[in-house]
Amino acid sequence: MELLHFAFMQRALLAAALVGITAPAIGTYLVQRRQAVMGDGIGHVAMTGVALGFLLNTSPVWMATLVAVVGAVGMELIRSRGKTSGDIALAMLFYGGLAGGVMIINLSPGGSTANLSSYLFGSITTVSAEDITAVVILAAFVIAVTLGLRRQLFAISQDEEFARVTGLPVRALNLLMAVTAAVTVTVAMRIVGLLLVSAMMVIPVAAAQRVTRGFAATLSLAMGIGVVVSLSGTAVTYYIDAPSGATIVLLAIAVFVATTALSTPLARRRAKAARAAEEVCTRDDVKV
Amino acid sequence: MQSTPRPADEDQPVISLRGATASLGSRPVLRGVDLTVRRGEVVALLGANGSGKSTAVRAVVGQVPLTDGALSLFGTDFRRFRQWSRIGYVPQRTTAASGVPATVREVVSSGRLARSRFGILRGADRAAVERALALVDMDGYADASVNALSGGQHQRVLIARALAVEPELLIMDEPMAGVDLANQEVLANALREQVAAGTTVLLVLHELGPLEPLIGRAVVLRDGCVVHDGPPPEAVGQHALPGHDHVHPHAAHDAEPLRTGLLS
């Protein structure tokens, strides 16, 4: 437990725990809406924000938040139009953001693409005291939205048309969800990295839903898995010299493989129980 | 499951759609549709595929913008209408399973959001959800995943979600599509109880089927125009089959002139 003696590790572990909670929390809604790649797109766009932070000598975290929020709102507006050309527009936004970031970082004094590496794949040694304040504030916002408005967000993710007819402010909630996804990206940026942040939104959810039947159960299990893999990944990174994002994501994939292996017998047992309840006469000689 | 009707709009039509036109892309789908539904009526909207019947009900709940015409619900112009808790809506069922599992109770509970705006479910909300599940005979499945249900059971869940609102007006888009006969009977029973309690119903149907005794009036659409508005035509189920583009002879008292087609 010597790793807890260092202030930088305490900060890294706190940031990791918050990533583990927030990324799967918003990710559950994104996966439900089949927008799993949205986090990836926002991550690309946030690159421009990080680079602007370097150029203007301000905090990269706040600058990335600002740019990511603008990008996410843009994505949501493109999505809600539902045009077939939307795909192209999204691609412009994603790669424009990435290319813009690389261009700006090289223009900034003493900057080079090497500065970006820790933002791309995460790093436990670079979480500053200033960063941690930003991360705690942003994570509190994400948790408040994803848990406080879970029924509304569930409804619009499940059936947008029905949600509109119940009188929910669907357009505002969609925008709020996009903004929350953008904020989550910057929460996760320091520990998991911009290129791997989407993995933490998707993989814990995919792992959880292998063994759950309900939405609330999936949401809480995904958050549990998220916290466990990001804390243990951060701790492992203390001992081996690797980007924390890579370690965390590989651990998450390991959990996914484990729950998948577990789910096959579980699903078979449930299907059998459902059939037994459903049918009056059951045939034992038919193997399914 | 009825909330008491507000006396002021007692004699107003529940739905009043006048001269409605709407397009999908450049194609006109509704071409001047009049549809009035009064309190306690059960109205079926019939027609072949592409006749505009689905678009018409989606226009009634504001999901298809009207390019012309007027819509009012419960006597309130649609642009000022906010009393969504008076409406229970059953959209057309999509077969695509959702990405994340959800239990039957979770889906049905989302219907209560019309009444609990801050999303806090109280005892009364939970009781309404349980009642709605019992109405469609799904109370044994509350904790099952909706992805594991059959088509007919899934449809019953969507209807329970609308009934959980405890609506005065129930609007259903093809509630019987892809539902086997046994499930249709369950749905017909649930609907009968609602109608007996005074709920107004507008539903899109392909054929009347087990609902036939409940239907008080049928509105038949063809090519975006109303071609029949009156008692449900006999054997309309046969005639409403896709491609069976034929309207019963006694029907067209207020209809557009019939355009010459292969079958008319």
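Over residues 61-78 of chain A the chain is 100% helix and 0% strand, with the end C-alpha atoms 25 Å apart, helices (H or I, at least four residues) and strands (E, at least two) being DSSP runs numbered from the N terminus. Residues 187-207 of chain A, by comparison, are 67% helix and 0% strand, and there the end C-alpha atoms are 22 Å apart. Both stretches are among those that an unreviewed UniProt entry lists for chain A as "transmembrane region", the others being 12-30, 90-112, 132-150, 162-181, 219-240 and 246-267; the UniProt positions are given in the numbering used here, feature names are shortened, and annotations may be inferred rather than shown by experiment. Residues are numbered from 1 along each chain as its sequence is written, while chains are lettered from A and ligands numbered from 1 in the order in which they are written. The model is a predicted one, in which local features need pLDDT of at least 70 and side-chain atom pairs count only at pLDDT 80 or more, whereas totals for chains, interfaces and linings use all residues.

The model scores ipTM 0.85 and pTM 0.86. For chain B the pLDDT, which is the predictor's confidence in each residue from 0 to 100, averages 82, and 83% of the residues score at least 70. Within chain B, confidence is highest in helix 2 of chain B, at a mean of 94, and lowest in helix 6 (residues 236-239) of chain B, at 48. The pLDDT is below 50 over residues 239-264 of chain B, a stretch that has 43 contacts in the model beyond near neighbours in sequence, two residues being in contact if their C-beta atoms, placed from the backbone, lie within 7 Å. Where pLDDT is low, the predicted coordinates should not be read in detail.

In chain A, helix 7 (residues 150-158) is largely enclosed by the rest of the structure, because eight of its nine residues are buried. A residue is termed buried if 20 or more other C-beta atoms lie within 10 Å of its own, exposed if 12 or fewer, and partly exposed in between, with C-beta atoms placed from the backbone. The cover over the buried residues of helix 7 of chain A includes helix 1 (7-32), helix 8 (160-165), helix 9 (170-189) and helix 11 (215-239) of chain A, together with helix 2 of chain B. Leaving aside neighbours within four places in sequence, Met200(A) is in contact with residues including Val19(A), Ala23(A), Pro24(A) and Ile248(A).

Between the chains, 24 residues of chain B are in contact with 27 residues of chain A. Strand 6 (87-90) and helix 2 (104-109) of chain B are the elements that give two or more residues to the side of chain B that touches chain A. The residues of that side comprise 13 nonpolar, eight polar and three charged, where Ala, Val, Leu, Ile, Met, Phe, Trp, Tyr, Cys and Pro count as nonpolar, Asp, Glu, Lys and Arg as charged, and the others, Gly among them, as polar.

Chain B contains six helices and ten strands, and 46% of its 264 residues count as buried. Four of the strands of chain B form an open antiparallel sheet in the order 2-1-4-5, where two strands pair if DSSP finds at least two bridges between them. Strand 2 (27-37) and strand 5 (76-77) of chain B stand at the edges, each with a single partner strand, so one side of each is left without a neighbour in the sheet. Strand 4 (residues 68-73) and strand 5 of chain B pair in the antiparallel sense over two bridges, with Ser72(B) opposite Asp77(B).

Strand 9 (residues 217-222) of chain B is mostly covered, five of its six residues being buried. With strand 3 (residues 42-46) of chain B, strand 9 pairs in the parallel sense over four bridges, and Val43(B) stands opposite Arg217(B). With strand 10 (residues 225-230) of chain B, strand 9 pairs in the antiparallel sense over five bridges, and Ala218(B) stands opposite Gly230(B).
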